[in-house]
Amino acid sequence: MSSLGGVARAQKTTENRATHRRRIDLSALFLLAPAVAILLVFRVAPMVYGAWISLHRWDGITDPKFVGLRNYSRLLADPNLLISLRNNVLLCAALIVGMIVPLVIAILLHNKIWGWQLFRLVFFFPAAISPLVIGLYWSAFLRSDGPFDVLLRTLRLDWLSHHLWLADPSTALPWIAVILIWSTFGVGVILFMAGIAGINPDLYDAATVDGANWFQSLRHVTVPGLMPIIIFWSIQLLIFSFTSLFAFIYALTGGGPGHSTSVIEFELYNAAFLGRFMGYGSAIGMFILLIVFALVALVMWRSGRRVEETSY
Amino acid sequence: MIRVEAVRVGVGRGPRPKRAGKGTLTFALAALLTLALAACANQGTGGTSEKPSGKIVVWDFNYNTEAGKSYQQVDSNFIAKFPGVTIEHVAKPAGEYGKVVQAAMAAKSGPDALMLQTPFAIKDYYTLLTPLNDLINADMKSQFAGWGGMNPDLDPNGKVYGIPYSFGGTAFYWNKAVFEKVGADPNKFPTSYDDLLALFKKLKAAGITPIGGGDKLGIFSSWWMYAAIPGVMSLQDCYGLSNGKTKWSDPRVKRTLQIYLDWIKAGYFAPNQAELNAGDFSGFTNWINGQAGVVWAFPGYRPKLAQDDAKNLGTAAAVIGIDAPAPHFYMAGPTLGWTIPTWTKNKTTAWEYIKYMTSTEAQQLHLDVDKVGPSNIKVDVSKADPDLTATFNLWKASPGNEHCGRTFKVDVIVELGKQMTAVEAGQQTLDGALKVADDIQAQHA
Amino acid sequence: MSTIGRSLNRVSGAFWSRPSWRIRQTIRLAPAWVLLAVVAASTLYPMLFILFTSLKSVSEFATNPLGPPSEPTLGNIQEVLSRGLLGTNVLNSLLISTLTVVVVVTISCLAGFALAFLRFRLRRTILLGIVGLLIQPTALLMIPVVLIVSNLGLISTYLGIVLVYAGLGIPFGIYLMYSYMVTVPHEIIDAARVDGASTFQVLYRVAIPVVAPALGALATLSFIGWWNEFLFALLILQDGSQQTVIVALGSLQGEHFLHVPLVAAGMLFSIIPPLTVFVILHRRLFSGLTAGALK
């Protein structure tokens, strides 16, 4: 009896496992179906279509003409495109180095100085405004006869005044870097404040006991403690600088003198919508995808974290 | 119970776990309801299919702007003529109009009556536009002088795909008081290059910036080309720039831009012109303040420039003879066209609409209210601002004259402008800039 | 800087809950406080600039672009109102943003939960795919998406734009939700399972309450983000009555002539709603972002 019962029980267990597995799969299916459906239709399909079109010459209305890899060779031979790519890389580097700003501010605010909640709120404002508005404002602010100029003259920095900041190729891109840092630091402040709050305070006391000064405790306690957030935010800034700068550049300088402040996304828009080279534009898009993918993979590999673990 | 304990311990600082039952059910229902509402909401918009009562959808980029104030009147006049018709007039952003049209063309869905920037858009999209030859009678043919621009090859006797609309050209505006101050005739404007140079030298010597205006993105340099190209080549050669027959690196083109660069070096422009927009008023600030003598802009800018000082404002058609005392032609013509895309389901109403939109009556309104010049030669321009009258009459006198600058490929002229800013900043040579333009033009071949 | 360092060395809870310490701290950090105040001024001034500009006439803006208006006029604001900016356009933006938020938050939550807790077959693949989509540049998508939307007959429909926005926002939403869900201690899930809860019950009663702050954060960020979206709204919502505020803003400028004060007046309407939402919900947003960092 017991052996029969045993077999029966064993059978029941196996059945349960398989049914359980199926039930899990079905639940997962149900939970994921809307997401997967929408993403397949509106994200994956267009990308596949874009990849296909990048091998053609197409103006959007007549039939596409297959041209193989010609768009890609045109892409690599276009000096303006490479200048724009360089700008992307420079702005990305600036944004990542510029993480110092939210870091310092987070440390300051962490001490809960008077009005810290208000500061935290106000610093986030630029992130809530449309880039078009930000662009219009800053291009007016930095005019050679604008408020910034008035400010410089009030501070007796006359030698700097009447400078064409956004129209001079040597200063335009640096200013755009500043404006981008200004637009995004608020979010960084929040993230870093959260991270600092999570650092074990005993570590600081231990560091003091060991005779560390402020810089050393910063370097050996704060920064390592914030490392996951720093990596996370770096990746976000990297993606941002390669995929979301269009509106800013468009509103600020339109690409600047020549292409000195253009970014690769801007080149895509111009090729596709001014020149109506849909195939070439798609090739640029594929190119951006490749670059971002390579860079993100590089960062993740260096930081030694696998995809699923990079949560904060 | 163990479960409750575990949850409390685990959550700790977080919010208390809610009674999930009612809350989440409501939430799910709300989500479903809003989705259903969204699905239902789209029923009422109608899109582009016509109703039996005769609805048409109209797209242009003037409707919500100063250049389209008369449109509401035009639309109500039309409805009064044809009761039972409804018009959905949609204002599109001028700066994005190319994208919007392109997306509509790619999706083969959009309005019943579509305003296009011409002649270049006709060449781009004529395969999806209805040819209008059968609908245009001889009377109408003679009323407009811009039919060439409605044909992809600029042939006025070929298939036309739209009705010409709206007149554009370039005009010079000057500050009469400033002219008097430096001893120039306040009522005349130079028509030859040498006279123009002499004028600028006079202004400069008197401490006045000769030319006001902004050159952000090199747009101002393009506007100068519109005034100067007629001084160095024929109309046919100018058309050649749109299809590669005339190279951008042609020495004649180079000459016009070299003049511009020389003027920058000579200090004839405002020192901060590179950061000012050509098209928004900040480009003319120094002119308004009496600190600059001359600007070039478009006919119809007069009311904006003459805000407080109409009597002091001199205007003339922007034509300059460079290789000869007089220019070869005047760069002007209809800049827009009303078309009927092939996907329309209400061709009859759409045709009546664009016929009315371009009629003498409607364009008279457009002129009187919006200060925009007509393409219809029957319109009375005598009472319009002098710059409009002058340029329009010039154009009327030279039949077959399309606005050559509007035939240029958009990306080529935009890129040339950008390259010019690089040249002005010392990062590019003029030859290099023109070569870039040629390279892009070649991609279109 | 040593003052900051000293305070860093004293980062521990008990100390700065005492008011006297806080005041002393503030005084010591005074130069830093001034710096912060300057930065705060720089983030606040744009609002002021837009307000000033919207109250100027075109000619005044040409001669006095950057100071307060000497002859303020309500003409621009009236003009913008008469063009329906406050009425239809704001309602459109509100409707679309809210619908998108609901859709994105719901779908992200369900998907994030499934990816975090259910060991199903394609889990790794889908997760990798989601992260891959995070880095996809949306510029590439424009024309294909418009083509797909129009082939589905969803051009000029609210459903169409919401689906497009959902497609754009879901990867980040899932990623965010997944990141939070994995921090839910396994004991809770297992305890609920032991008590016989079905998958969905685990979701409703256990997971969601724990990640509620993250849901709030996602909702706020999504609302602000989609309110400000321009390109797809322009291309997909083709009817005039469907235009969002940002798109209507774009149509205020003519082909050659840019009426800056009028555009500034329009901008007032486009920045006030998201800023208001942000100010009202900012604590929730911040605590949501914060909670995730504290493992």
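Let me start where two chains meet: in this predicted model, the contact between chain C and chain A takes 82 residues from chain C and 80 residues from chain A. If you look at the side of chain C that touches chain A, you will find that its largest share, 13 residues, comes from helix H14 of chain C, which covers residues 260-293. Sorted by class, that side of chain C has 58 nonpolar residues, 20 polar residues and four charged residues.

From there I would like to go to the nonpolar core. The largest one has 329 residues, and among those with the most contacts inside it are Phe113(C), Met181(C), Ala207(C) and Ile236(C). The element that gives the most to this core is helix H11 of chain C, residues 199-227, with 18 residues. Which residues does Ala207(C) touch, not counting residues up to four places away in sequence? They are Phe113(C), Met181(C), Val184(C) and Val202(C), and of these Phe113(C) and Met181(C) were already on our list of residues with the most contacts inside the core. As general background, nonpolar side chains tend to be buried together in soluble globular proteins.

Now to chain A, and to a pair of helices. Helix H3, residues 79-97, and helix H13, residues 264-274, both of chain A, pack at an angle of about 145°, and their axes are 7 Å apart. On the H3(A) side the contact is made by Asn80(A), Leu81(A), Ser84(A), Leu85(A) and Asn88(A), while H13(A) brings Ile264(A), Phe266(A) and Glu267(A). By class, this contact of H3(A) with H13(A) has four nonpolar residues, three polar residues and one charged residue.

Chain B is my last stop, and its secondary structure comes to 18 helices and nine strands. Of the 445 residues in chain B, 55% are buried. When we take the contacts in chain B with a separation of 6 or more, 77% of them are between residues 24 or more positions apart.

Why is Asp385(B) counted as buried? Asp385(B) is buried because 21 other C-beta atoms lie within 10 Å, and the cut-off for a buried residue is 20 or more. Leaving out residues up to four places away in sequence, Asp385(B) touches Arg302(B), Thr315(B) and Lys371(B). Finally, Asp385(B) and Val369(B) are 16 residues apart in sequence, and from C-alpha to C-alpha they are 12 Å apart in space.

Key: Residues numbered from 1 in each chain as written. Chains lettered and ligands numbered in written order. Predicted model: local features only at pLDDT ≥ 70, side-chain atom pairs only at ≥ 80, totals over all residues. Axes fitted to C-alpha atoms, helices over the stretch in contact; angles between N-to-C directions. Helix = DSSP H or I, 4+ residues; strand = E, 2+ residues; numbered from the N terminus. Contact = placed C-beta atoms within 7 Å. Nonpolar A, V, L, I, M, F, W, Y, C, P; charged D, E, K, R; others polar. Core = buried A, V, L, I, M, F, W, Y, C linked by C-beta atoms within 7 Å. Buried ≥ 20, exposed ≤ 12 C-beta atoms within 10 Å, placed from the backbone.
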